[in-house]
Amino acid sequence: KTDFTEFTPLDARGLERWVVSEVSERGGTIQGPDARMLIERVGGDQQFLSNELNKLLAYDAAITSQTIALLCDPVPQSTIFMMIESLFNGQLKQALTLYEDQRRQRVEPQAMMGMIAWQMHLVALAKAAGSKPAQDVAREAGVAPFALQKSQGLARRLSMAEIRQLFDYLTNADLRTKTESVDADRLMQAVLTKIAQTVAR
């Protein structure tokens, strides 16, 4: 007989509890909302989060949203997700601002389009799963529970028909960047506008 232990990625709530627990064990304090802010800012990789906690605690044992904003740079994927989340909230102006911020970091439009397509894939999974627990769906689909759980809220804003329509629009835009001489920035801005307008209906 042997012992078997499975170390699966933590979901959003699990990560938040882990961050709060880790900070406490290291002699510091952090509130739940600030832990969520840190996760959304730098992503769900626990090793990277642990390094960021070391940095924050070295600065001040009381970790707040202010020290997180001061010391923790958003990782590109995290910032792209904030852009996508803004879109699905119908906040086009904020999404465009985040897009410009990504461009200043030299993230290419095609890379952001790929991230949006991946997020749409997660939204479609969450929509098709209905009320099924995110942990179960994520395990079956082979995706991170944290990402899928975030997508459940986005999925409630769209019908499956609208999701398919946006997939078609993204596919066409991606094809144009590869087969035509187009301004990729203007095309991406059109993509962002299309998503925001669809959500706002």
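Student: What makes Arg 26 partly exposed rather than buried or exposed?

Tutor: Happy to start there. Buried means under 20% relative accessible area, exposed over 50%, and partly exposed in between (1.4 Å probe, protein chains only). Arg 26 has a relative accessible area of 31%, so Arg 26 is partly exposed. A word on the source: this is a predicted model, where local features need pLDDT of at least 70 and side-chain atom pairs count only at pLDDT 80 or more, while totals for chains, interfaces and linings use all residues. Residues are numbered from 1 along each chain as its sequence is written, and side-chain values use heavy atoms, with hydrogens and water left out.

Student: Why is the pairing of Glu 22 with Arg 26 called a salt bridge?

Tutor: The term requires a side-chain nitrogen of Lys or Arg within 4 Å of a carboxyl oxygen of Asp or Glu. In Glu 22 and Arg 26 the closest N and O atoms are 2.7 Å apart, so the pair is a salt bridge. Glu 22 itself is buried, because its relative accessible area is 16%.

Student: How many salt bridges does that rule give?

Tutor: The count comes to seven. One of them joins Glu 140 and Lys 132, with closest N and O atoms 2.8 Å apart.

Student: How do you know whether Glu 140 is buried or exposed?

Tutor: Its relative accessibility is 58%, so Glu 140 counts as exposed. Lys 132 is partly exposed, because its value is 33%.

Student: What makes the link between Glu 16 and Arg 36 one between distant parts of the chain?

Tutor: Glu 16 sits in helix α1 (residues 12-25) and Arg 36 in helix α2 (residues 32-42), 20 residues apart. Helices here are DSSP runs (H or I, at least four residues), numbered from the N terminus. The two side chains meet at 3.0 Å, N to O. Glu 16 counts as buried because its relative accessibility is 17%, and Arg 36 is partly exposed because its figure is 38%.

Student: Which residues touch the most other members of the largest nonpolar core?

Tutor: Met 83, Phe 88, Ile 116 and Ile 195 do, out of 36 residues. Such a core is a set of buried Ala, Val, Leu, Ile, Met, Phe, Trp, Tyr and Cys residues joined through side-chain atoms within 4.5 Å. The largest share, nine residues, comes from α7.

Student: Where is the other core?

Tutor: Apart from that one lies a core of 16 residues, including Leu 38, Ile 39, Val 42 and Cys 72.

Definitions and conventions: Helices (H or I, at least four residues) and strands (E, at least two) are DSSP runs, numbered from the N terminus.
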